[in-house]
Structure formats: C-alpha cells, structure tokens
Amino acid sequence: MSTNDRDESEIEASRAPLMDHLIELRGRLMICVAAFVLGFIGCFIVADPIYVFLVKPFAVAAQFREAAGPGGSVSPFDLILGTAGLLPVPRTDGQTVNLIFTAPLEFLITKMKLAAFGAVVVTFPVLAWQLYRFVAPGLYRNERGAFLPFLIAAPALFLLGAALVYYVMLPFVMLFSLGQQISGGGITAELLPRVSDYLNLVMALLLAFGLCFQLPVVMTLLGMAGIVSSQALASGRKYAVVAIAVVAAFVTPPDPLSQIMLGIPLILLYEVSIWCVRLIELRRKKADAAEA
C-alpha cells in the first residue's frame, strides 16, 4: 500500500457523523474556556506584581534619565542591561515613576484587562493543542508532522518579539517620552501617564511585535502550500521593505525610533523566511527525486 493510500485509509477511518464532530468541538471549547477562566483568575490574583513588572522598563528609563541630569545622555547599552537586571540601576532620591488613574474603577478595569491578556498568553499552549487535536484527524500523516513544529515556533517567535518589546522597545520609548518634559518660565510639562494608557501601550506593542514576528511561520506555511516561492520572495525584497516600513508606521507609536526597532527585525525575519522556503523547496525536490 502506498503512502497516499495509507493516508486516505486513515482519514476514512477517522470520519464521523456531523453530530459527533459537534460534540467533540463542544468538549474542546469547554476545555479552552475552562483553561482561560482559570488563567484569568490566576493572573488577576497576581495582577499587581505583573503590572509592577511591566512598569519596570519605565522605572529604569526614569532612573537613568534622572541620574544623567537635564543635559545628560543615557547609553543605550546601559538602558538595555539595566532593564534586564544585568547592570545596577542608578538610585535616585526622588520618586521617578508616578502613574495615575482618574476614574474610581479605572485601575480595577485595567487589572481585568491585564488578567485577560495574561490568560490568553498563559493558556495558549492548551488552546493550540485543542485546536490541533480537533483538526488532526482530517490531515494526512505528513501534514500532521509538518503542523506540529509550528505549534512550537509560533509561541517561541511571539516570546522573542515580546522580549524585544520589554527589554529594548519600552525603555527607549519611555526614555524618549521623558525627554519631552519641559520646565521653565513658571511652566512645567511633566509625564504622568494613566495606568490604563500605559497598559494599552504595552499590550499594543506586545501584540504588534508578537504578530509581526510570525512572518517566518506564515511564509513557511505558504511555501509548503506552494503559494509562494523563494525566488519570488527574493525578487520582491524591495517591495517587502516598503511594506514593512508601512506596517511599522501603523502598528507602533508615532516616533521614528519605534518604527526602526520594528522594521529592522522584520527585514531580518523576511530574509529568514526566504531561507525557510528555500529549504522546503530543496526537501520537496529530494522527495520527488526519491519517488522517481
């Protein structure tokens, strides 16, 4: 029996009435909802420490800024290493970070949004596994084998984008924002962000970078489906750079620094995507030659 015949027989054996599929779907959705609820409750319990953790890049930028003085400059490497905890942060006497909320329940709603976002991140492996288990019976054996690595690559790339946001992007954005403060002539313009605005900024950057870092996964899947080729991706490199610049301008705060910090990794990931698609094409050629 050939490989295709064996795959067809496995799929035929996995066929079930529509009601059975709906019952299975309901069971898996209940598991996903239960996992999300548990993750939400757990993240809400520790919402305060999580929020303090997210504010750390802001605090580090403020401390370095205050230590440098009005006309001083801050080394980018010191800022990154200080956020990562690999370099002592200058200690200052004053309060370097002050976030406010202007509505009675604003911080409670902010913690609920933070808990929901954290629940999605924490329970993503459960959600992805339930999705895979639901669609796996309808896939060929080689498709199941090819699908599993992406369940690992997708969250790994998302975490890589999130790490870039936390250790590089946020400190520089907040340092840039602190640099816009003015004081003189009896007028003071001081940065006092609301707790909800800061969380919205963090979540927007995490989602933007995390989703944009899925570029190799998307391109590899398109290459496996035969929709794109490495030659087409290589020849369209200049158009891709323009598209990346447009995407970076839309999904990041309106400052050149943020756009450059997203644009450069995306260009590198585009090059990685070309090599991934090229490897798939080489493997397909070897498989075709072996069958011939």
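A residue is called buried when its relative accessible area is under 20%, exposed when that area is over 50%, and partly exposed in between (1.4 Å probe, protein chains only). The model discussed here is predicted, so local features need pLDDT of at least 70 and side-chain atom pairs count only at pLDDT 80 or more, while totals for chains, interfaces and linings use all residues. Residues are numbered from 1 along each chain as its sequence is written, and side-chain values use heavy atoms, with hydrogens and water left out.

Helices (H or I, at least four residues) and strands (E, at least two) are DSSP runs, numbered from the N terminus. Helix α3 (residues 47-68) packs against helix α5 (residues 106-122) at an angle of about 85 degrees, and their axes are 10 Å apart. Here the axes are lines fitted to C-alpha atoms, for helices over the stretch in contact, and angles run from 0 to 180 degrees between N-to-C directions. The angle makes α3 roughly perpendicular to α5; this label covers 65 to 115 degrees, whereas angles under 35 count as roughly parallel, those over 145 as roughly antiparallel and the rest as oblique. On the α3 side, Ala 47, Asp 48, Ile 50, Tyr 51 and Leu 54 make the contact, and on the α5 side Phe 107, Thr 110, Lys 111 and Leu 114 do so, where contact means heavy atoms within 4.5 Å. These residues divide into six nonpolar, one polar and two charged; Ala, Val, Leu, Ile, Met, Phe, Trp, Tyr, Cys and Pro count as nonpolar, Asp, Glu, Lys and Arg as charged, and the others, Gly among them, as polar.

Turning to charged pairs, the whole structure holds four salt bridges, each defined as a side-chain nitrogen of Lys or Arg within 4 Å of a carboxyl oxygen of Asp or Glu. One of them joins Asp 48 and Lys 111, with the closest N and O atoms 3.6 Å apart. This pair links distant parts of the chain, from helix α3 to helix α5, 63 residues apart. Asp 48 is partly exposed at 40%, while Lys 111 is buried at 19%.

Arg 194 lies in the loop between β2 (187-189) and α8 (195-212), so the pair ties together parts that are 88 residues apart in sequence. Glu 106 is buried, at 7%, and Arg 194 is partly exposed, at 32%.

Within helix α2 (residues 18-45), Arg 28 and Glu 24 sit four residues apart, about one turn of the helix. Their salt bridge has its closest N and O atoms 3.1 Å apart. Arg 28 counts as buried at 19% relative accessibility, whereas Glu 24 is partly exposed at 27%.
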